[in-house]
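Hi,

Here is the structure for you to look through. My notes on the strands and on one residue follow below it.

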Amino acid sequence: MKKFIAVSFLLGIGFLSAQSISFEQEQIDYGSVKKGANGTKVFKFTNTGDKPLIVSNVKSSCDCSVPSWTKTPILPGKSGEITVKYDTKINGKFSKSIEVYTNDTKYSRKLLKIKGEVK
């Protein structure tokens, strides 16, 4: 019986161990930007788990914002980036979503936001 409890406990710990993504911020406010200005912003994140984190895909809600990201596995305690380039040739207010897909066992899909106004 003691062996069963010990094995069950160790297996339980194994299930608790995982990769986990944590962002410094989940929304970036560009504020007011001039038409044609640099529209590049960076979301920084850290793997707060104890297994490698993989960002498998990042999608934007429109063609006006183009994401790129760290494609190599992020080791525990290490950081990565998702860079978003918004097309500032489009006048007016904007609010866009960026979907991040990872192997995080709790949050395999994370939603980030960008907003601002091009004048």
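Four strands form an open sheet in the order β2-β8-β7-β4, and the pairing is mixed. The edges are β2 (27-33) and β4 (55-60). Each has a single partner strand, so one side of each is left without a neighbour in the sheet. From one strand to the next, the twist averages 15°. Please keep in mind that this is a predicted model.

Look next at β4 and its pairing with strand β7 (residues 92-102). The two run in the antiparallel sense, with 5 bridges. Val58 stands opposite Val100 in β7.

There is also an open sheet of 4 strands with the order β1-β3-β6-β5. Its pairing is antiparallel. Here the edge strands are β1 (21-23) and β5 (65-69), and each pairs on one side only. Neighbouring strands in this sheet are turned by 25° against each other on average, direction ignored.

Within that sheet, β1 pairs with β3 over 3 bridges, in the antiparallel sense. Phe23 sits opposite Phe45 in β3.

Is Asn47 buried or exposed? Its relative accessible area is 1%. The cut-off for buried is under 20%, so Asn47 counts as buried.

What does Asn47 touch, leaving out residues up to four places away in sequence? Gln19 and Ser20 are among its contacts.

Best wishes

Notes
Residues numbered from 1 in each chain as written. Predicted model: local features only at pLDDT ≥ 70, side-chain atom pairs only at ≥ 80, totals over all residues. Heavy atoms only, no water. Buried < 20%, exposed > 50% of the residue type's maximum accessible area, 1.4 Å probe, protein only. Contact = heavy atoms within 4.5 Å. Pairing = 2+ DSSP bridges. Axes fitted to C-alpha atoms, helices over the stretch in contact; angles between N-to-C directions.
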